[in-house]
Amino acid sequence: MRLGINLGYWGAGMDSDNLAVAQEADRLGYAVCWAAEAYGSDAPTVLSWVAAQTERIDIGSAIFQIPARTPAMTAMTAATLDSLSGGRFRLGLGVSGPQVSEGWYGVKFDKPLARTREYVEIVRKAMSRERLSHEGEHWTLPLPGGPGKPLKLTVHPVREHIPLYIAAIGPKNLEQTGEIADGALLIFPSAEHLEETALAPIRAGRERVGKTLDGFDVCPTVPIALGDDVDGLADLFRPYTALYVGGMGSRQQNFYNKLARRMGYEKEAIEIQDKYLAGDKQGAAAAVPRDLIDSTTLLGSVERIADRMRAYAEAGVTTLSLSPAGLTLDERLAALRAGTEALELAGLA
C-alpha cells in the first residue's frame, strides 16, 4: 500500500503551510499529492504550483469538477500538467453535487452517470490525440452545421496513458467507475465496511468489461491526527463529519448521509441531518457516533495508526491518502511523518 497526501482546498489561510506539507511528503516518498476544488480555489493552478516546487511526488486532481469544464478543456489541462510535471499528473474527475453544479456553474445536475461516462470517453479520446469527434446525449463535437472541424490535441503528454480516477460514493457510480476508470477516489472509508460499500460494486464493474481489481487503484482519503487522547482527537472531527453527513447536499441528495446509512448508522445519520439542516450544527456534531469517526480516520499513537493502516491494506486499499490535522504546520508535518513511520511499522512500506 502506498501513501498519498490530500491538501484539500487552497485559500483557507494556510497556503504556505500546504506547500510545505507537499514538499515534506515529496521528501518522505509519498506517492501522490491531491488538491481539491469546489467554489473557491481551482485545482489546476494549485497543482501547477506544487509541481513546480516538488521533484518526485505525483500531483492529482481530487477532483476536477465535471460541470466546471468541457471535456476537451479537461484533456488540455491534463496534458499540460503532465507535460509540465514531467509525467507526474493523475486526473481525478467527479460530478460534484447538485448545489454546486446548479448554483455555482449553472449546469443542470441530471443523469450524472451518463454524463460522467460520456465525459470520460471524450477526455480519453482527446488525450490520445485522435481527431476529436463525438455524437452523444450531452456533447456533440464538432457542432453540426457550422464551421467547426475535428481537431487534434497539440500538446504531447509525457505518458501515453494518464491515470484517470473518478470520485464515487453511490453503488451505481462505483460500479461504473470500476468499468471506465483506472482508480476510485473514496471518502469516509471504513476498512470494516469497504467490501460492501465500495469494492463489491467496483469489482462488478471490472468484471463487466473482463477485468479484475489487479492494477485498479483504490484510493480513499483519511484524516490523520497524532496524539495520546483518542477521544479528544475524535472530537476534532465531529464538525467535519457532521458537515458531510448532515449538510453536504439536500435532504433528498446527500451521498455521504446515504454512505453512513450503508455502514449501519441509519438512525444516527437521520438525526445528524435533521439537526444540521435545522441549524443546530453543534447538536449535529454531538450526534456523530465516535465509532463512525474512529473507523474513518487514523487517530492516536503511531502503533494504533499502524494497526488501522494494516486493516485498510487487508481490506483492499492500494493508495491511502492522508489529510493531516493540526492548527499549526508543525502538527501537520508531525502527522505526515507519523504516517510514514506507521506504514513501515505495519510492514506495508
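**View 1. Phenylalanine 188 sits in the loop between β9 (183–187) and α7 (194–208).** This is a predicted model, and here it gives a non-glycine residue a positive phi: phenylalanine 188 comes out at about 55 degrees. With a relative accessibility of 7%, phenylalanine 188 counts as buried.

**View 2. Lysine 111 is another loop residue, placed between α4 (98–103) and α5 (112–127).** Its phi is positive too, about 45 degrees, although lysine 111 is not a glycine. Lysine 111 is partly exposed, with 47% relative accessible area.

**View 3. Helix α14 (residues 302–315) crosses helix α15 (residues 329–345).** The two axes come within 8 Å, at an angle of roughly 65 degrees, and the crossing is right-handed. On the α14 side, the contact residues are Val302, Glu303, Ile305, Ala306, Met309 and Arg310; they meet Ala338, Gly339, Glu341, Ala342, Leu343 and Leu345 in α15. Sorted by class, that makes 8 nonpolar, 1 polar and 3 charged residues.

**View 4. A look at α14 itself, with its 14 residues.** From first C-alpha to last, α14 reaches 20 Å, close to the 20 Å expected. Its buried residues include Val302, Arg308 and Tyr312, and among the elements covering the buried residues of α14 are β1 (2–6), β10 (217–226) and α15.

**View 5. Two cis peptide bonds, one from alanine 62 to isoleucine 63 and one from leucine 141 to proline 142.** Omega is near 15 degrees for the alanine–isoleucine bond and near -10 degrees for the leucine–proline bond. Isoleucine 63 lies in the loop between β3 (58–61) and β4 (64–65), while proline 142 lies in the loop between β7 (140–141) and β8 (164–167).

Key: Residues are numbered from 1 along each chain as its sequence is written. This is a predicted model: local features need pLDDT of at least 70, side-chain atom pairs count only at pLDDT 80 or more; totals for chains, interfaces and linings use all residues. Side-chain values use heavy atoms; hydrogens and water are left out. Axes are lines fitted to C-alpha atoms, for helices over the stretch in contact, and angles run from 0 to 180 degrees between N-to-C directions. Helices (H or I, at least four residues) and strands (E, at least two) are DSSP runs, numbered from the N terminus. A crossing is left-handed if the near helix is turned anticlockwise from the far one by less than a right angle, and right-handed if clockwise. Contact means heavy atoms within 4.5 Å. Ala, Val, Leu, Ile, Met, Phe, Trp, Tyr, Cys and Pro count as nonpolar, Asp, Glu, Lys and Arg as charged, and the others, Gly among them, as polar. The expected span of a helix is 1.5 Å times one less than its number of residues. Buried means under 20% relative accessible area, exposed over 50%, partly exposed in between (1.4 Å probe, protein chains only).
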